[in-house]
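This report is for a reader who is new to the structure shown below.

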Amino acid sequence: MNHRQRRLTIAGRGALLALALLVAGAGAAIAGQLAGTAFIRERIALPPDAEFEAHLLDASAPGGPELRFASARKVPAGQSPFAFVIDYDSARVQPGQRYVVRATVTVRGQVRFAAEPPAAVRLDDADPPVQLVLVATGAALQSGTEPAYGPTPGLATGPFLNAPATSAALQAALGSLPATFAGELPGPAGTVRWQLDLMPDGRYQLRQVPTARRDPNRYDDTGLWSWERERQRLVLRGGRQETIYLELAGNGMLRKLDGEGRRLRRADNDLLQRVSAQQPAFAEQRLAVSGMFTSQADAARITLCTDGRSLPVAMEGDFRALQAAYRAARPQPGQALLVSAQGLITLRSPTEPGRPPVPTLVIERFENVWPGETCGQPQATSPLRGTYWKLVRLNGQPVLAAADRGREPHLIFDQAQVSGSGGCNRLTGPVELGGDRIAMKQIAATRMACSVGMEQESAFFDSLERAVRWRITGSHLELLDGAGRVLARFEAGALR
């Protein structure tokens, strides 16, 4: 049965069969189902009385109202992400009509988060499950005030104001969006030319060109920008490891801060000047991409981890390698799996005639598929201590739970102790932490034997012994050896 629709197929002819179906109640509407997931971009805990709604809308009339087609509701909403299924009458679906899905989170009658942008759907077998990003509205984060329910405890960087909900002062300083800021800033080996596009939906794209380096000397990135009110600075989080901090410098300029959010020592070359208020400075981006990929029938899409955009994937370049690895992982119909690749985001004409070109991902070099991993929450940093860290990669290879024990390899850090499982045996021991340094030299484990997974467990224990540094990016923890190589990668989950 298809995840999106349950269709009633009537085989046979004749009045007697039609009469029998009518008597049996075949006059009921044919049910369609639209599945999806929505997540809140900010790391914010919702109150118990929050409500979630997803609406399927007919948006066919140009400039006209969106007509509600069907809805799904969760009361109470619980916490992000929100999985939903919208039941609708498929007999009402009209070919050529435009349908979209919007979602909201309301608290005591006020919309606190809304899907930006809405997701376009065709209501046929070619569409993957819907994935929506919910961003804060003006009611959620007003200038100078905090929401009643506050940020999730443990978020070190404080509450954020996102682009659609920026204060009047910030909007006046930035001007209309999209906008491009450019300048030449100091880099490790000379001057680096920056081009930064800030979008009104909270996305950004960045191009950096070292002037002293020969081709290839162009580095592109994309992600989400936010306003950190407590420290009065812009925060850019994208696909690269480092977070970029900028402050307002007046006269349409942004000042680049260092990696800790402080003024650079040399203040004579740290400014980006606004140069455009119209279209983004560049339409194509060549960059490393990571995202949730689906392939169904003749349609393939990816939802980027860095900025939540859902893009079609062109069936060219290294697409065949990606599709083969995806199928080899044996996903459920319509299931999204995390993939990594080197790609080009460019404009391509869609298969439907008469529609304008849309941003599309071209896979230039496929890298891997990671069946046990997701994007997590790239824009919110999980704390090292008190988090359930599930092992998802070991020595550059995906990790799966041992089938006979049903346990997944994981770690939980306490004040000076680490505990967890290697997939078969439980482990515990002291941990020494100092800055980004880590030492786990006295790990003790039980001595059970499992039919599978023992070699993986042994390699996992070895990686713990060899780890000397750690780093957290969003919802992922990495342990590194003395040469900076990633030994093990973990994904944050709820403490069990």
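## Salt bridges: the count

A salt bridge is a side-chain nitrogen of Lys or Arg within 4 Å of a carboxyl oxygen of Asp or Glu. By this rule, 22 salt bridges are counted in what is a predicted model.

## Overall make-up and confidence

The protein has four helices and 33 strands. Of its 496 residues, 46% count as buried. Among the contacts with a separation of 6 or more, 57% are between residues 24 or more positions apart.

The average pLDDT of the protein is 79, and 80% of the residues score at least 70. Among the elements, the highest mean pLDDT, 96, belongs to strand E29 (residues 437–439), and the lowest, 34, to strand E9 (residues 160–162). Over residues 139–166 the pLDDT is below 50, and this stretch has 71 contacts in the model beyond near neighbours in sequence. Residues 1–30 also have a pLDDT that stays under 50; for them the model has 41 contacts beyond four places in sequence. Where pLDDT is low, the predicted coordinates should not be read in detail.

Which residue forms a salt bridge with glutamate 51? The partner is arginine 73, and the closest N and O atoms of the pair are 2.7 Å apart. Glutamate 51 counts as partly exposed because its relative accessibility is 24%, while arginine 73, with a relative accessible area of 52%, is exposed.

Another salt bridge joins the side chains of arginine 466 and aspartate 481, at 3.9 Å from N to O. Arginine 466 lies in helix H4 (residues 454–466), and aspartate 481 lies in the loop between strand E32 (476–480) and strand E33 (486–493), so parts 15 residues apart in sequence are tied together by the pair.

## A buried pair and its network

Glutamate 478 and arginine 489 form a salt bridge in which the closest N and O atoms are 2.8 Å apart. Since glutamate 478 lies in strand E32 and arginine 489 in strand E33, the pair ties together parts that are eleven residues apart in sequence. Both glutamate 478 and arginine 489 are buried. These two residues belong to a network of salt bridges that links Glu373, Arg393, Arg471, Glu478 and Arg489.

## Helix H3

The buried residues of helix H3 (residues 319–328) are Phe319, Leu322, Gln323, Ala325 and Tyr326. They line one face of the helix, because seen down the axis of H3 they fall within an arc of 165 degrees. The face turned away from this buried side carries the exposed residues Arg320, Arg327 and Ala328.

What do the buried residues of H3 pack against? They pack against strand E18 (285–296), strand E19 (299–304), strand E21 (337–348) and strand E22 (358–370). Just after H3, arginine 330 takes a positive phi of about 55 degrees.

Strands of a sheet pair through backbone hydrogen bonds, either parallel or antiparallel. In this sheet, E19 and E20 run antiparallel and are joined by three bridges. Isoleucine 302 stands opposite leucine 311 in E20.

## Glutamine 208

Glutamine 208 lies in strand E12 (residues 203–210). Its relative accessible area is 12%, so glutamine 208 is buried. Leaving aside residues up to four places away in sequence, glutamine 208 touches Val192, Arg193, Trp194, Asn217, Arg218, Tyr219 and Arg240.

Terms used
Residues are numbered from 1 along each chain as its sequence is written. Side-chain values use heavy atoms; hydrogens and water are left out. pLDDT is the predictor's confidence in each residue, from 0 to 100. Helices (H or I, at least four residues) and strands (E, at least two) are DSSP runs, numbered from the N terminus. Contact means heavy atoms within 4.5 Å. Buried means under 20% relative accessible area, exposed over 50%, partly exposed in between (1.4 Å probe, protein chains only). The arc is that of the directions from the helix axis to the C-beta atoms. Two strands pair if DSSP finds at least two bridges between them.
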